[in-house]
Amino acid sequence: MSEQPLNPADDGEDPGELAEHRSGVDDDELLLDVRGLVKEFPQGSVWQRRRTGPVQAVSGVDLEVRAGQTHGLVGESGCGKSTVARTIVRLERPTAGQAFYNGRDLFAMSKSELRLVRRDIQIVFQDPFSSLNPRMNVQAIIEEPLVIHGVGDKADRKDKVIDLLDRVGLNPEHATRYPHQFSGGQRQRVGIARALALDPKLIIADEPVSALDVSIQAQVVNLFRELQADTGLGYLFIAHDLAIVRNISDDVSVMYLGRIVETGSRDDIFERASHPYTQALLSAVPEPDPVTERERERIVLEGDVPSPVDPPSGCRFRTRCWKAEPKCREEVPELVDRGAGHPVACHFPD
Amino acid sequence: MATVTSSTSSADCLRSGSDSSSDEVLLEVQDLTVEFHTDDGIVHAVSNMSWDINEGETLAILGESGSGKSVSVQAVMGLLPTPPAVIAGGSIRYRGTELVGASSDTLRSIRGSEVAMIFQDPLSALNPVYRVGWQIAETFRIGKRMSRKEANGRAIELMGRVGIPNPEQRARQYPHQFSGGMRQRAMIAMALALEPKVLIADEPTTALDVTVQAQIMDLLSKIQSENRMGLILITHDLGVVASVADRVVVMYAGRAVESGPADDFYAKPAHPYSQGLLSSVPKISGPTGKLNSIEGTPPSVIELPSGCAFHPRCPHSVDRCHSQAPELTAITDRTGHSACFLTEELL
């Protein structure tokens, strides 16, 4: 019944292993370090599962988020980007991999350890209509994390909520209203206020502006920027809108069918893209300018993204790639620097 | 043939530029006012809206959610639920035939065969329990009274034309077996079945991924130029229509606030709302940093602000804007129109 984002989807039994420390953890800048994240979902009915095997939604993803910085994760629907987000906050149980937060592996933590660490890691969801409980007023929604974590007394929490409302650009009188009385943009601000309640260090934002109107999107993106400038928050910013990701991110990773195909600084991706998929994606983004639009050379990809149930062998993009060679069918391209100055998972990068 | 007197106020404001005057005006909406009578009050969904579409032309109706951009075309298609919707004024003419208050026979003869429509969400527009080919063929069976076999053949041919691979096999599948892009192609096939003169696409690419978006826009503009259709694109996405639109109409709170040739609009938007909207779109190139945004939120269409509905959010508003609603008026030295008292000063 609770729509509180802190609740784990499962009880996450302790794997017995105590959190191990990553080497080089003294670099306190690094907030989140995801290594080899794999997430499989069982497929079909219980009776079929033995025969069909699981679907791999995420197949070995590495990501880093630094304090005060934004790592943008882009990809089309079904590429697994939301699964990455949900698994990092343990709304899904990972199949394999590690996610170090301040040097401690989130995936190897016991329930009680995880509960403590969750104060630092919060998630903002895409849909401000379904992620807020319609029966709770804004005061109750925003203070719920504080109640769960036993922070302050009633009066403290009330002050905190008023402070949070102010930080996200809402008025104190909004505290007594219910979600249905707000517009989409205002609801998303409530969702952000809730995520900020426990003074987190890291916010995972899963398509936080894609349900909003253009003029409101800009307001919410600016709010994210301001909050980061004020408090040094680290963001993992997941979106399908490349222009928005470009605007807010320091680093960007591009996902396709469960794998990261290219990663680098914002300019590496947007100015020096070398994976064919990234290039196609960038060239498909429509710009609100008829003159550049008509002159632009557009790479129109054939077909659709293949089903993750039965991904292509080798490079998963090869079925839509204009450069595909037999090698792409046989060999999975590793995500390594191939002379572009940033890692690319392609046998024939530009 | 549409013969229109130029006496009415805003109707001729939206008339296309002289360059396409040789083309026939297909569909013409004039001073259309649509209200929804709800328990909470009267929703002024569309007020005094006018637009028209010529043969071979693409018109983009732009606006954010709740701006009324879909309502005027739903009125054209007779898709408004009445009640609560009431067409409180204005006219809709298809090649001279008045559609407001027309008999259901007249409407049926135009809807689907002369003016067709595709929707944002093809999954809810397709019937999940019938095969896709059957649904496309239905149009031929009913609209052209073809035999089952002939209709199926035509459906498969059409599916091939809209770029559905293996149409024979795909025709036997159900909508859930189609991807989003393929479903939209199937919808387009269905809309094109009776070779309409006007195709209305309501947010045709919103539910699709960027790479698929590009495919669908390419398909729509290809079909449009082949059939010399009038294409009406309704969207909130200023980028998607930039390269294909000939003219644009920008809606805010149920009114057209700006209209004119697309190139002028994108190069130099005239209305403060258009300016705010265009500058708040993040770009894929050029400088990054704080985005421009329009302060505040769109007004409730039940309690519209007095005067110009945009004045509470407008950075340039003056006293006059609070009390008086500006009409769409011609912009000096330009073919477009803008509904703002300060248009000339701001350009």
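Predicted model: local features only at pLDDT ≥ 70, side-chain atom pairs only at ≥ 80, totals over all residues.
View 1. Which residues of α4(B) are buried? They are Val132(B), Gly133(B), Gln135(B), Ile136(B), Ala137(B), Thr139(B) and Phe140(B). Among the elements covering these buried residues are α5 (148-161), α6 (167-171) and α7 (180-192) of chain B.

**View 2. Where the two domains of chain B meet.** Contacts link twelve residues of domain 1 of chain B with twelve residues of domain 2 of chain B. Look for helix α8 (residues 210-227) of chain B here: with six residues, α8(B) gives the largest share of the domain 1 side that touches domain 2. Sorted by class, that domain 1 side of chain B has eight nonpolar and four polar residues, and no charged ones.

**View 3. Strand β9 of chain B, covered on both faces.** How many of the six residues of β9(B) are buried? Six of six, for a strand that spans residues 247-252. A quick reminder for reading the picture: side chains in a regular strand alternate between the two faces of the sheet. On one side of β9(B) you find Arg247(B), Val249(B) and Met251(B), and on the other Val248(B), Val250(B) and Tyr252(B), all of them buried.

**View 4. The neighbours of β9 of chain B.** Strand β3 (residues 58-62) of chain B runs parallel to β9(B), and four bridges join the two. One pair to pick out is Ala60(B) with its bridge partner Val248(B) in β9(B). Strand β10 (residues 255-261) of chain B also pairs with β9(B), this time in the antiparallel sense and over six bridges. There, Met251(B) has Ala256(B) of β10(B) as its bridge partner. β9(B) and β10(B) make a hairpin with two residues between them. Zoom in on the turn and you'll see Ala253(B), with a positive phi of about 50°.

**View 5. A four-stranded open sheet in chain B.** In what order do the four strands of this open sheet run? The order is β2-β1-β4-β5 (chain B), and the pairing is antiparallel. At the edges are β2 (41-54) and β5 (97-98) of chain B, each of which pairs on one side only. Moving in from β5(B), you get to β4 (residues 85-94) of chain B, and two bridges join these antiparallel strands. Tyr94(B) is the residue standing opposite Thr97(B) in β5(B).

**View 6. The interface between chains A and B.** This contact involves 37 residues of chain A and 37 residues of chain B. On the chain A side, the elements giving two or more residues are α6 (184-196), α7 (214-231), α8 (242-248), α10 (276-284) and α11 (290-295) of chain A. Which of them gives the largest share of that side? That's α7(A), with eight residues. The class breakdown for the chain A side is 18 nonpolar, nine polar and ten charged residues. For the complex, the predictor reports an ipTM of 0.80 and a pTM of 0.83.

View 7. Chain A has twelve helices and twelve strands, and 49% of its 350 residues are buried. Taking the chain A contacts with a separation of 6 or more, 66% come from residues 24 or more positions apart. The assignment gives domain 1 (1-134 + 192-249) and domain 2 (267-350) of chain A. Nine residues of domain 1 of chain A are in contact with seven residues of domain 2 of chain A. β2 (55-66) and α8 of chain A are the elements that give two or more residues to the domain 1 side. By class, this domain 1 side of chain A has four nonpolar, three polar and two charged residues.

View 8. The average pLDDT of chain B is 86, and 94% of the residues score at least 70. Residues 1-21 of chain B are a place for caution, with pLDDT below 50. In the model, this stretch has 40 contacts beyond near neighbours in sequence.

Conventions: Residues numbered from 1 in each chain as written. Chains lettered and ligands numbered in written order. Pairing = 2+ DSSP bridges. Nonpolar A, V, L, I, M, F, W, Y, C, P; charged D, E, K, R; others polar. Buried ≥ 20, exposed ≤ 12 C-beta atoms within 10 Å, placed from the backbone. Domains from an automatic or database assignment. pLDDT = per-residue confidence, 0-100.
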